[in-house]
Amino acid sequence: MTIRPILIAGDPRLTTPAVTVTVFGGELAAFVDDLYETNTAAHGAGLAANQVGDQRSVFVYDLIDDGRRFRGHVVNPKLETSVRPETMPDPEDLEGCLSVPGEHYPTGRAEWARVTGVDVENQPISVEGTGYLARCLQHETDHLAGHLYLDRLIGRNRRAARKMIKQRLWTEPENVWVPGSDKDPFGW
C-alpha cells in the first residue's frame with residue numbers, strides 16, 4: 001500500500017467530476033487500499049479518488065459515529081438525502097476536509113443520507129446513516145461531483161473561506177501535502 005499526496009484546494013482536478021469506473025478487480029482493489037492507507041495516515045473520515053489526483057468515481061470512509069465504527073468504500077456512488085438546510089448553519093456544526101488542510105467551517109448538511117453503488121468486485125453496495133456518517137457520505141460524493149465543501153458555505157463563512165484561500169495562495173494547481181511526511185495541518 002502507498003500513501004498518496006493529497007491535492008489542496010485550487011487544483012483543478014478537485015473541481016473536475018469523476019469518471020465512472022468500468023474496470024474492476026485487482027488494480028482497483030489495490031488503489032482502494034491506497035485510499036484507506038492515505039486516509040488513515042491523514043486522520044481523515046473519508047477520502048475521494050480525485051483528492052489524490054485519480055479521476056475514478058470511488059471513495060473510502062472510516063469513522064466513528066455514536067460509538068460505532070463505519071468503514072467501507074463505494075465505487076460509482078449515487079447519493080440520496082433528506083432535506084438539506086438552506087439557512088446559516090449552527091456555528092458549532094463544523095466540517096473539515098483533507099483538501100482544505102487545517103480549516104473548518106460551519107456547513108449545513110442533510111441529517112440523513114444513503115449512497116448506493118458497487119464495490120471493487122462490481123457487487124452492489126448500499127450505505128446509509130445519520131449524523132457524522134451522513135455528513136461524510138455527502139462530503140465524499142460532493143468531491144466526486146467536482147465540489148469542495150467550501151462550495152456549500154454561505155454568508156460570512158463563504159467570505160472567510162475565500163479570504164483564507166487567497167491568503168494561503170491556494171489558487172494554483174499542484175499544491176499537495178503528504179500525510180505522514182509533511183507536518184499534520186490538523187494537529188493530530
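This is a predicted model: local features need pLDDT of at least 70, side-chain atom pairs count only at pLDDT 80 or more; totals for chains, interfaces and linings use all residues.

**Exercise 1.** Find where Thr-38 lies, then decide whether Thr-38 is buried or exposed.

*Solution.* Start with the secondary structure: Thr-38 belongs to helix H1, which spans residues 26-41. Next, check the relative accessible area, which is 0% for Thr-38. Buried means under 20%, so Thr-38 counts as buried. Finally, list the contacts beyond four places in sequence: Thr-38 touches Thr-2, Ile-3, Arg-4, Ile-6, Leu-47, Val-52 and Pro-179.

**Exercise 2.** Work out which elements give two or more residues to the largest nonpolar core.

*Solution.* First take the core itself: the largest one has 33 residues, and Val-100 and Leu-150 have the most contacts inside it. Two or more residues come from each of strand E1 (6-7), H1, strand E3 (58-65) and helix H3 (155-167). H1 gives the largest share, 5 residues. Now look at Leu-150: beyond four places in sequence, Leu-150 touches Val-100, Tyr-105, Arg-158, Ala-161 and Ile-165. A second, separate core has 16 residues, including Tyr-61, Leu-63, Val-127 and Cys-136.

**Exercise 3.** Locate Asn-50 and list the residues in contact with it, leaving aside neighbours within four places in sequence.

*Solution.* Begin with the position: Asn-50 sits in the loop between strand E2 (46-48) and E3. Then consider accessibility: with a relative accessible area of 0%, Asn-50 is buried.

Methods
Residues are numbered from 1 along each chain as its sequence is written. Side-chain values use heavy atoms; hydrogens and water are left out. Buried means under 20% relative accessible area, exposed over 50%, partly exposed in between (1.4 Å probe, protein chains only). Contact means heavy atoms within 4.5 Å. A nonpolar core is a set of buried Ala, Val, Leu, Ile, Met, Phe, Trp, Tyr and Cys residues joined through side-chain atoms within 4.5 Å.
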